[in-house]
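User: I would like to go through this model by question and answer. Please give cut-offs as terms come up.

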Amino acid sequence: MLKKLFFAVAALMFSMGFAFADVDVNKGDQAALDGIKGLGPAKSKAIIDERTKNGSFKDWADFESRVKGIGDKTGSKLSEAGLTVNGQAKSGAPAKAAPAKADKAAKAEKADKAEKTEKVEKAAKAPKAEKAEKAEKMADKVKADTADKSDKSAKAAKAEKNEASASAKEGKTK
């Protein structure tokens, strides 16, 4: 179970690496552009159509002026999401989410999952230990009851024997 959890977390982290990949507006196909947060299929198609009709975008200003609906604010958000023009992020835009922050978040999440897993395992073991303890107590009780019954049976048998021998003695004396 722990191996499955580890591989699931590793696969998630691996796939997140692709989500943070930079996409150049002059080289990306529609699928790559759709992968950028803030760009949908319609806007991706408009970018590709403009690029095909009038050539590659020279810089961010050229990109923002030629594609309808993309202005300064949208350009900054797209740059932050990983879109580049000729390999350059938009100047003045906040840097793309740093992998260090993602790593810290992933490590914190992994630690939380490990802690939760440990708690679940302890919780699963606790009822087993309680059941084992109850079973042991029950076994001890059964042994004690059996021993008591054996003692009572032995005493009863001895009393019967004594009674029989007493009866036999009375029969001889009569």
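Analyst: A nonpolar core is a set of buried Ala, Val, Leu, Ile, Met, Phe, Trp, Tyr and Cys residues joined through side-chain atoms within 4.5 Å. Buried means under 20% relative accessible area, exposed over 50%, and partly exposed in between (1.4 Å probe, protein chains only). The model is predicted: local features need pLDDT of at least 70, side-chain atom pairs count only at pLDDT 80 or more, and totals for chains, interfaces and linings use all residues. Residues are numbered from 1 along each chain as its sequence is written, and side-chain values use heavy atoms, with hydrogens and water left out.

User: How many residues does the largest nonpolar core have?

Analyst: Val25, Leu33, Leu39, Ile47, Phe57, Phe63 and Leu83 have the most contacts inside this core. Helix H3 (41-54) and helix H4 (60-66) each supply at least two of its residues. Helices here are DSSP runs of H or I with at least four residues, strands are runs of E with at least two, and both are numbered from the N terminus. The size of the core is 15 residues.

User: Which residues does Leu39 contact, leaving aside neighbours within four places in sequence?

Analyst: Contact means heavy atoms within 4.5 Å. By that rule, the partners of Leu39 are Leu33, Asp34, Ser44, Ile47, Leu78 and Leu83.

User: What kind of ring pair do Phe57 and Phe63 form?

Analyst: Rings of Phe, Tyr and Trp (its six-membered ring) pair if their centres lie within 6.5 Å; planes under 30 degrees apart are stacked, over 60 edge-to-face, and the rest tilted. The centres of Phe57 and Phe63 are 5.1 Å apart and their planes stand at 85°. The pair is therefore edge-to-face.

User: Which residues do ring pairs link into a cluster?

Analyst: Trp60 and Phe63 also pair edge-to-face, with centres 5.6 Å apart and planes at 85°. Both lie in helix H4, 3 residues apart, about one turn of the helix. Relative accessibility is 1% for Phe57, 0% for Phe63 and 8% for Trp60. The cluster is Phe57, Trp60 and Phe63.

User: Is Lys90 buried or exposed?

Analyst: Asp72 forms a salt bridge with Lys90, the closest N and O atoms being 2.6 Å apart (cut-off: a side-chain nitrogen of Lys or Arg within 4 Å of a carboxyl oxygen of Asp or Glu). This pair links distant parts of the chain, 18 residues apart: Asp72 is in helix H5 (residues 72-81), and Lys90 is in the loop between strand S2 (83-84) and helix H6 (99-173). Asp72 is exposed at 52% relative accessibility. Lys90 has 9%, so Lys90 counts as buried.

User: What is the distance of the polar contact between the side chains of Glu64 and Lys90?

Analyst: A polar contact is a pair of N or O atoms within 3.5 Å; within protein, one must be able to donate a hydrogen and the other to accept it, and residues adjacent in sequence count only if both atoms are side-chain atoms. Glu64 is found in helix H4 and is buried at 16% relative accessibility. The side chains of Glu64 and Lys90 meet at 2.5 Å.

User: Which residues are linked with Asp62 in a network of salt bridges?

Analyst: A search of the whole structure finds 5 salt bridges. In one of them, the side chains of Asp62 and Arg66 meet at 3.0 Å, N to O. Asp62 and Arg66 are 4 residues apart in helix H4, so about one helical turn separates them. The residues networked with Asp62 are Glu50 and Arg66.
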